[in-house]
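Have a look at the structure first.

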Amino acid sequence: MFKTVLTRLRQGHRTMKYPHGAAPAMPARFAGRPVLDGLRPIEPACAAVCPTGALSAGADGRGGSLDMGKCLFCRACQTCSGSAVRFTGDYRLAGARKADLIVRAAGPSGPAAAGASVPHVRNDLAARLLGRSLKLRQVSAGGCNACEADTNVLNTIAWDLGRFGIQFVASPRHADGLLVTGPVPRNMRLALEKTYAAVPAPKIVIAVGACAIAGGPYTGHEEVCGGADAVVPVDLYIPGCPPHPMTILDGLLRFLGKTGD
């Protein structure tokens with residue numbers, strides 16, 4: 001036992017200090033919040049490369065947009081010659097509305113991206129009622145387990161989601177809301193509806209990942225509902241395929257007003 005205690009003391013403090021300290025550095029290959037260069041409009045050929053239709057060409061060869069809710073962050077659009085899309089290291093992707101997930105090209109005056117500012121996602125009701133203790137029931141609605149795995153990472157010692165009063169519970173009757181992953185296949189529709197109905201009001205729904213937001217790679221398929229908001233009302237969208245744990249944590253904390261953003 002003494003060896004165990006001594007080893008633990010030598011290991012030191014392992015939980016990150018964020019949000020009271022710097023956020024952990026993102027990996028060099030991390031694809032974060034995209035920006036569009038207004039000097040190089042999105043060409044139809046580049047838009048056609050996108051497997052989910054997240055990229056839209058601009059009218060008359062100008063502008064264009066990228067829907068982060070549909071984006072798989074696969075970077076296929078960057079293979080186009082003269083691509084206007086660049087993925088940054090910014091992990092802040094969450095939005096309270098689907099419109100917040102649309103990144104548009106800047107004007108012709110320069111390469112800075114319009115719409116690159118991070119949307120305000122604080123929910124005053126959720127912050128007032130649930131800000132000190134948020135219990136979530138996770139629903140995997142046909143997910144591949146990638147979003148689920150990155151959500152589970154938040155419960156490890158390095159992230160320690162519980163220090164913010166946010167916990168996952170086994171029963172929807174003990175929950176304040178749902179965290180939904182997956183494209184919601186038709187066979188899961190009733191299960192999601194019943195789980196949502198079992199959560200006592202007031203309640204929230206958080207859609208995590210491209211599948212839960214817009215169907216992901218299955219968008220448009222007849223066997224999927226095309227995202228959680230086709231079945232239940234959604235209060236927070238967290239894009240990614242899968243979202244980095246930092247992206248999920250940032251979305252949750254800003255939603256509850258636990259950061260200065």
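Strands β6 (134–140) and β8 (177–181) run parallel and are joined by five bridges. Two strands count as paired here if DSSP finds at least two bridges between them. The strands themselves (E, at least two residues) and the helices (H or I, at least four) are DSSP runs, numbered from the N terminus. On its other pairing, β8 goes with β9 (204–208), again in the parallel sense, over four bridges. Follow V180 to see both links: V180 is the bridge partner of V139, and A207 in β9 is the bridge partner of V180. To get from β8 to β9, the chain passes through helix α5 (residues 186–198), making a right-handed β-α-β crossover. Right-handed means that, with the strands pointing away from the viewer, the path from the first strand over the helix to the second runs clockwise.

Two ground rules before going on. This is a predicted model, with local features needing pLDDT of at least 70 and side-chain atom pairs counting only at pLDDT 80 or more, while totals for chains, interfaces and linings use all residues. Residues are numbered from 1 along each chain as its sequence is written, and side-chain values use heavy atoms, with hydrogens and water left out.

How well covered is β8? Five of its five residues are buried, where buried means under 20% relative accessible area, exposed means over 50%, and partly exposed lies in between (1.4 Å probe, protein chains only). That goes for both faces of the strand: G177, L179 and T181 sit on one side, with L178 and V180 on the other.

Now for the helices around this sheet region. In α4 (residues 146–153), the buried residues are C147, E148, D150 and T151. They lie on the same side of α4 because they cover an arc of only 165° around the axis, taken from the directions from the helix axis to the C-beta atoms. What do they pack against? The partners are β6, β7 (166–168), β8, β9 and α7 (245–255), with contact meaning heavy atoms within 4.5 Å.

Helix α7 is mostly covered, with eleven of its eleven residues buried. Among them are P245, D250, R254 and F255. The buried residues of α7 pack against α3 (124–130), β6, α4, β7, β9 and β10 (236–238). Just after α7 comes G257, which takes a positive phi of about 70°.

Elsewhere, there's a set of antiparallel strands. Strand β2 (residues 55–57) pairs with β3 over three bridges in the antiparallel sense, and β3 is joined to β5 (residues 102–104) by three bridges, also antiparallel.

Of the 14 residues that line the largest cavity, C50, A54, C71, C74 and C77 are the closest to its centre. For the record, the search uses a 1 Å grid over the protein atoms alone; a cavity is a set of points where a 1.4 Å probe fits but cannot get out, and lining residues have an atom within 4 Å of a point.

| Residue | Relative accessibility | Class |
|---|---|---|
| T52 | 9% | buried |
| R186 | 45% | partly exposed |
| A201 | 68% | exposed |

T52 belongs to the loop between α2 (44–49) and β2. Leaving out residues up to four places away in sequence, T52 touches K70, C71, L72, G216, P217 and T219. R186 is part of helix α5, and beyond its neighbours within four places in sequence it is in contact with E222, E223, V224 and C225. R186 and Y18 are 168 residues apart in sequence, and their C-alpha atoms are 39 Å apart in space. A201 is in the loop between α5 and β9; A201 and R173 are 28 residues apart in sequence and 10 Å apart in space, C-alpha to C-alpha.

Key
1 Å grid on protein atoms, 1.4 Å probe; cavity = no way out; pocket = protein on both sides within 12 Å on 5 of 7 lines; lining within 4 Å.
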